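Let us walk through this structure together, starting at the surface and then turning to the aromatic rings. Please have a look at it first.

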Amino acid sequence: MHFIEIAYGSLMEVYCQLQIASDLKFINETDFENIKPRFSLISSMLTGLRSSFQKRLTPNHLTS
């Protein structure tokens, strides 16, 4: 669970950095818009994986 949360945090950090890069014109807006759906997909996948693990763990092992 811990590593999934780290992965999600890293995903959000990369998204933020790409948004800054777009704002500063290091990448164009079209490229940034084309990348956005991938972040949504990966975020959903990580959320699903986390939910799956939570269901498999006994209540004594749930962290949150």
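**From the surface to the rings**

Phe 26 counts as exposed, because its relative accessibility is 65% (exposed means over 50% relative accessible area, buried under 20%, partly exposed in between, with a 1.4 Å probe and protein chains only). This is a predicted model, in which local features need pLDDT of at least 70 and side-chain atom pairs count only at pLDDT 80 or more, while totals for chains, interfaces and linings use all residues. Residues are numbered from 1 along each chain as its sequence is written, and side-chain values use heavy atoms, leaving out hydrogens and water.

You will find Phe 26 in the loop between α1 (2–23) and α2 (29–56); helices are DSSP runs of H or I with at least four residues, numbered from the N terminus.

Now for the rings. A pair of aromatic rings is described by the distance of the centres and the angle of the planes. The whole structure holds 2 aromatic pairs (ring centres of Phe, Tyr or the six-membered ring of Trp within 6.5 Å; planes under 30 degrees apart are stacked, over 60 edge-to-face, the rest tilted). Tyr 15 and Phe 32 make a tilted pair, with 5.6 Å centre to centre and 40 degrees between the planes. Tyr 15 lies in helix α1 and Phe 32 in helix α2, 17 residues apart, so this pair links distant parts of the chain. Phe 32 is buried, at a relative accessible area of 3%, whereas Tyr 15 is partly exposed at 22%.

Tyr 15 also pairs edge-to-face with Phe 39, at 5.3 Å centre to centre and 70 degrees between the planes. Phe 39 is buried, with 10% relative accessibility.

Terms used. Helices (H or I, at least four residues) and strands (E, at least two) are DSSP runs, numbered from the N terminus.
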